[in-house]
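The sequence and structure come first.

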Amino acid sequence: MFVQQLINGFALGCTYSLLALGYTLIFGVLKILNIAHGDVFMVGAVIAANLILFAQANFLIALIGSMIGTMIVGIMIERLTIRPLKSEGRPLLPLPPLITTLGAVWVLQELVIKIVGAQVQPFPSLYQEKNFNFGSFAVSSSQLIIIGVSFFLMFCLHVVVAKTKWGKGMRAVAENAKTACLLGINVNGTILITFAVASALAGAAGLLVGLSYRAFSPFMGVEIGLKGFAIIVFGGMGNIWGAMVGGLILGMVEILSVGYLASSFRDAFAFGLMILILLLKPTGLFGSH
Amino acid sequence: MLEVNDVYVSYGHIDAVRGVSFHIMKGEIVTIIGANGSGKTTIINTISGILRCKKGTIQFLNKNITQMAPHNIVQLGLVQIPEGREILTTLSVQENLEMGAYCRKDKKRIQQDLEEISLRFPVLRERSKQPTGTLSGGEQQMLAIARGLMARPQLLMMDEPSLGLAPLAVENVYQMINQLKKEGITILLVEQNAKKALLTADRGCVLESGKIVLSNDAANLLLNDKVKEAYLGAEKQV
Amino acid sequence: MINPYLESILIFAGINIILALGNYFPFSAGLPSLGQAGFMAVGAYMSAVLTLKFSFPFFLSLLAGGGMALLVGILVGLPVLRVRGIYIVLVTWGFGEAIRVILLNIEYVGGSGGMGGIYPSTTLPLVYLIALIVAIFSMRLKNSRLGRAFQAVEADQDAAESMGIDLTKTKLTAFSLGAFVCGIGGALYAHYALYVEPSNFNFFLSSEILFFSIIGGGGVFVGPIVGAIIFTALPEVFRFLKDWRVIFFGIVLIVMMVLRPQGIISRDFYNRCSNSLRSFLLRKGFIEQADDL
């Protein structure tokens, strides 16, 4: 029973990690909280659902489609709500982007409501669910896909951040934007690419969450939003390992709490973890940038 | 090579730089000396494109770079070594050097340069894989200079290279600068340590409250009474 | 008698004004809160329980609702004291959600089904009387010692502390004041809508309350009032906005932050207006030299 819960939690945690990575990448290069990121995730789920429903897309196409779609939305958010706030030589203060991205949440969520309606809708299924039994626990095909795809994407991200030009540039900008400028790094371009990558990951997470919960709604962005922030506060803002590990931990804690405590307090655990780490080690488990 | 014409830079309502003009020719070392807050870093950051000037023009290699984006300016070969070194601590020494060549595309030459640089800066070669936190102030300055050289600059701008360094380290830094001078690298040296700067440079400008008040050959400035009183008197302990 | 539709708009505007000022108190002390809906919920539920289940007189339960919210405000304010900047937004957001989740789980107040059948005790004159009281209080606060302490903490809390301002007391006061006022707003809302459920008091509502101050102007108390009025009244004046209200204000927010981040009523603007008003009144002999607006 315990192992089963752990596996369920791990699968859920993978999706959380993908989402948290986006938050942490954006915080790393801009030092701001992008509240609209949760809605980007939601848009990913919506796009994937519609691709499967109306274009008979298979898993791969739905994945690529939602990632491209969310990439575009993410870039638009950066161009329209963040870029206009920057000015010469002065650093970006944290509150204005918070407000503009909050405005973007309002716009995005409402637009989606107008297009697909406000109710929770069933996410179309792609394959026959199969369970692989291992004695005292079982792993479903959904969970295998989620864990597989998540780890693949996280591995790709790791390689990209460590080896590519963008990755190195991003790490430089995250540490010291002014010096990055002086090294010839196109800071604005790097930020744009960071947004694109973060949003694509959110899109993938949207598809995976839709598949595992069999449902999606325009409100899932805000619902998951606070959890995303809680994870990066817990793991360390701007810290990629922190986002990955934090997401997995939250997933497992949530599922275990449902199994052993009341299910109605599940959503409060994210918040609890956040308060805990703020009181004990405010820079986060792995330290922030 | 570099022409700064009548440049005005302000922070909000505060005018930091007022009508500054000077030029640098190939192979020269020009120094700008002045007290804290006189506007030296502002000028250098404006040339690098990090700040925008209200009025005036800046030309580099006959191109107008006044409105150019900072990363494009670096690609032209105008490289700044910032005040306080600004080493990237999340990268190793080696990676910092590689970052210096970020905007270059010639992979093979970059490899060659990396090897040359480590020959020239033996201290860095010893510590190449180490995190940068283990370097002393003087070693960090060497790393910053090496990193700047990795970009194969046409013009190297150094903002207060002696700041915060022990006298021995300052000696080493200036030995390196003199070495670069012999190799014909054009340098703009911004300094508070007027004596060292004027001894090394060919020409100098004195900056006070955002304006250039004196401009002459370095040798003459060293003998100038006003300069001696204001900037050289306090340098006795160097 | 006023036509009931107009009356409902006016009542909502009045309640929004109260909520806006409730958000403004912590905001003006440098504590931007995204959790005021939580305090509103506490006030709403507390007062509803008292009038419904214990037959308390309305005024008493109104105050008790605010009082309960104030206590919760102190509770929430304690961890907020320990964090700075962006973390304050996250912590208040979290607490707002926590309150909502807790209410979802209390069967006594109806759980997810909420509570209905609340007495319609809220009247238009009452709402505006309370709004007026809170507004006048804010005006007085502005030039009082406490108000100046708020401003100092908002500008630079380290400098304020070195000037002898007790950060803990100042921040907690700002926060619990805001919670109290939002609690009262919640109580008024409950006795007008006659039905409350936890999902009413969500993040969306908290962000809306914050928006009143952002759009109207966060530098002076008149700003949130103007923001609340615009938010409530504009969709009524321009019919097409009714459906597009959310998108419209979302865009307004973005544009506002880029073009005029100080909001419609900036501190400068308010000072200039109040100075001209003051000199006018002086000349006409209505006030003495020492009066401050």
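## Chain B

In chain B, 67% of the contacts with a separation of 6 or more join residues 24 or more positions apart. The model is predicted. Chain B holds 10 helices and 10 strands. Its radius of gyration is 17 Å, close to the 18 Å that the globule rule gives for 238 residues, so chain B is as compact as a globular protein of that length.

Taken along the principal axes, the box filled by the C-alpha atoms of chain B is roughly 45 × 40 × 30 Å. Of the 238 residues in chain B, 45% are buried.

## Contacts between chains

Two pairs of chains are in contact, and chains A and C share the most contacts. Chain B and chain C do not touch, and the distance between their nearest C-alpha atoms is 17 Å.

The contact between chains A and C takes 30 residues from chain A and 28 residues from chain C. On the side of chain C that touches chain A, at least two residues come from each of α4 (86–104), α9 (203–216) and α11 (241–259) of chain C. The helix that gives the most to this side is α4(C), with 10 residues. By residue class, the side of chain C that touches chain A has 22 nonpolar, five polar and one charged.

## Nonpolar core

In soluble globular proteins, nonpolar side chains tend to be buried together. Here the largest nonpolar core has 257 residues, and Ala204(A) and Ile18(C) are those with the most contacts inside it.

Which residues is Ile18(C) in contact with, leaving aside its neighbours within four places in sequence? They are Ile130(C), Ala131(C) and Val134(C), together with Val181(C), Ile184(C), Gly185(C) and Leu188(C).

## Helices α6 and α8 of chain A

In chain A, helix α6 (residues 165–175) and helix α8 (residues 187–213) have axes that come within 10 Å and cross at roughly 110 degrees. Angles of 65 to 115 degrees count as roughly perpendicular, which means that α6(A) is roughly perpendicular to α8(A).

From α6(A), the contact is made by Trp166(A), Gly169(A), Met170(A) and Val173(A). From α8(A), Val187(A), Thr190(A), Ile193(A) and Thr194(A) take part. The residues of this contact of α6(A) with α8(A) comprise five nonpolar, three polar and no charged.

Key:
Residues numbered from 1 in each chain as written. Chains lettered and ligands numbered in written order. Predicted model: local features only at pLDDT ≥ 70, side-chain atom pairs only at ≥ 80, totals over all residues. Axes fitted to C-alpha atoms, helices over the stretch in contact; angles between N-to-C directions. Helix = DSSP H or I, 4+ residues; strand = E, 2+ residues; numbered from the N terminus. Parallel < 35°, antiparallel > 145°, perpendicular 65-115°, else oblique. Contact = placed C-beta atoms within 7 Å. Nonpolar A, V, L, I, M, F, W, Y, C, P; charged D, E, K, R; others polar. Rg over C-alpha atoms; globule rule 2.2 N^0.38 Å. Buried ≥ 20, exposed ≤ 12 C-beta atoms within 10 Å, placed from the backbone. Core = buried A, V, L, I, M, F, W, Y, C linked by C-beta atoms within 7 Å.
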